[in-house]
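User: Please give me a close look at one packing contact in this model, and then carry on to the ligand. Keep it short and plain.

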Amino acid sequence: MEKHHKFSIWYVLLGIWVVLIVHNIIFSAMSIETISYSEFLEKVEKGEVTEVAITSNQIQGRMITGEGEGKKLFRTVRVDPDISEFLSGKGIEFKGEVESTFFRDLLSWLIPVFLFVGIWYFMIRRMAGQQPGFMSLGKNKAKIYMNDDLDVTFDDVAGVDESKQELVEVVDFLKEPQKYTRIGGMIPRGILLVGPPGTGKTMLAKAVAGESGVPFFSISGSEFVEMFVGMGAARVRDLFVQAKERAPCIIFIDELDALGKVRGLGLTGGHDEREQTLNQLLVEMDGFDPQIGVILMAATNRPEILDPALLRPGRFDRQVLVDRPDKIGRAAILRVHLKKVHHEQDLDVDAVAAMTPGMVGADLANLVNEAALLAVRRNKETVGMAEFEEAVERLVAGLEKKNRLINAKERETIAYHEIGHALVALSLPGTDPVKKITIIPRGIAALGYTMQVPTEDRFLMKKTELLNRIATLLGGRAAEALIFVDISTGAHNDLSRATDIARSMVKEYGMSEKVGQVYFAREKRSQYLAVPEMQGAMDYSQTTAELIDSEVHEIISRQYAVALSILEQNRSVLEKGAALLLKKETIEGDRLKQMLEAKTADGEPS
Ligand code: ADP
Ligand code: ZN
């Protein structure tokens, strides 16, 4: 297309040039002599003019030349007769001038032609749309960005080694799709990056594109929500068409949750546009042939609200956790960003990392920047520890306000809470071994966690095991109550899980003597049906309902008492463990077990 319209412009220029030449040739070939009007009058007087042709302002004719060489063509411009008479009377030579309108005429048609050609050229450029870089596909807000040569590599994303590990295979596939398709291996199709904001999900997706050298299309889920009906779906279709043309490539959808929330059941009206867009996305995901090498990546910090349809096999069936970095990870991220600023050679990066618990990659990038600005303000050549200390203080204050960072007091509460869980779990028989305890905020809701890994798959649970599990869940709250008296909201998830188990014991497993071996869980609804509680759906009496409630209550409070007494007996280990956890952020379950055993061996009263 490009070639074609360039030629057309040349045609126009060539045409103009030809007209000019022809115009010149004609006039010079005719070799008409131009004479002044006074000379013309003179010749008429002398009788030398033999014939004339008169137009509105010119006179052409033939005249006899002096030496009898025959007749000659001449031309003159007419002058107002009154003036010419007057001038002739005074014997002045005079001539008329024709205003040349040639260039004016030429311009009057050249300008529209150029305008027309210009507009045409501009429209073709826009339609072509194949140019790399930014492009806007239509009039609405959802912009598709395409980048051909990203220079982001895995080295730029630090402290998320486990997530990187999982993406290496994708890079491998994008580099050599044939290798995989030949063997017929399972090709990744949709990868969901899950983690809190600022942990580097976008960066990771870009790094995958950068490492494999393929184009990167990105679009944000939240932009779809404000769109006119039908536009979102069209945009999704566009996106896949574009991507397929450029395969192998990566499509990245940021904020997938804005677009991919669970679809409503028509009870609340729902957001039709969003649902249409989501449906279109599902259709496209199912429709494309994975062999062509289009990989869909998406980021979310709220995977729990996503429509389950998105997570089915063949869609976003692979999830990669991009979690908050631990101390070592933070140091690595700081080192990446420190490369860009002049800093003191002996700056203790690990010490800076220790000052920044809970911060994510984006916060750390910001921190380095802030420290550099402080150094500039202090007229220093390099950034040092003093700047970092001050920058941390400023940043922490800001982040605490935004509730993203846990202050010292809260960290202490969380440490006791987690050690509480762990100690109860370690003290009761038949609970899953404690692997790891951490106060690095993990995932979305938990501020810390105690990781218990079952040693085997379980299909049956004994009553005591369920009770011990409840006690373990209540251990966090019990520790808070024991140490601080004032309890926190941090246990709400524990309480809900403990209550669920207790309720199931009473209603489903027949484990309550008072209620008996009866199954009362019939009204349980499908987990995705968000239908409001319906009256009369229960298949038991009000009295039974009250009995169930009181039994659940009974189980919970008895297990809480168990947890509390374990912690009271091991208070010294609780305190030592919490102190260690505060210092290290993460400790192994075995370490706590040793502390517990050491105490028992010391023969302290138990
Ligand atoms: P997300 O997509 O998870 O919200 P981004 O990838 O947009 O986070 O990260 C925002 C910025 O924070 C990046 O441009 C980068 O400067 C910094 N950053 C975040 N995570 C990391 C990391 N793991 N390593 C280095 N820099 C990071
Ligand atoms: Zn807890």
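**A helix pair and a ligand site**

Helix H16 (residues 408–427) packs with helix H19 (residues 542–569) at an angle of about 95 degrees, and their axes lie 10 Å apart. Helices here are DSSP runs of H or I with at least four residues. Axes are lines fitted to C-alpha atoms over the stretch in contact, with angles from 0 to 180 degrees between N-to-C directions. H16 and H19 are therefore roughly perpendicular to each other (65 to 115 degrees).

This is a predicted model, where local features need pLDDT of at least 70, side-chain atom pairs need 80 or more, totals for chains, interfaces and linings use all residues, and side-chain values use heavy atoms without hydrogens or water. Residues are numbered from 1 along each chain, chains are lettered from A, and ligands are numbered from 1 as written.

Which residues meet? From H16 come Gly420, Leu423, Val424 and Ser427; from H19 come Ala563, Ile566 and Leu567 (heavy atoms within 4.5 Å). This contact has five nonpolar, two polar and no charged residues. Gly counts as polar.

Now the ligand. Around ligand 1 are 15 residues (a heavy atom within 4 Å). The closest are Ala158, Gly198, Lys201, Thr202 and His337. Ala158 places a backbone N or O atom 2.7 Å from a ligand nitrogen. A polar backbone atom of Met203 is 2.9 Å from a ligand oxygen. For Ala362, a backbone N or O atom lies 3.4 Å from a ligand oxygen. Helices H7 (201–212), H12 (327–338) and H14 (361–377) each give two or more residues to the shell. By class, that shell has seven nonpolar, six polar and two charged residues.

Technical notes. Angles under 35 degrees count as roughly parallel, over 145 as roughly antiparallel, 65 to 115 as roughly perpendicular and the rest as oblique. A polar contact is a pair of N or O atoms within 3.5 Å; within protein, one must be able to donate a hydrogen and the other to accept it, and residues adjacent in sequence count only if both atoms are side-chain atoms.
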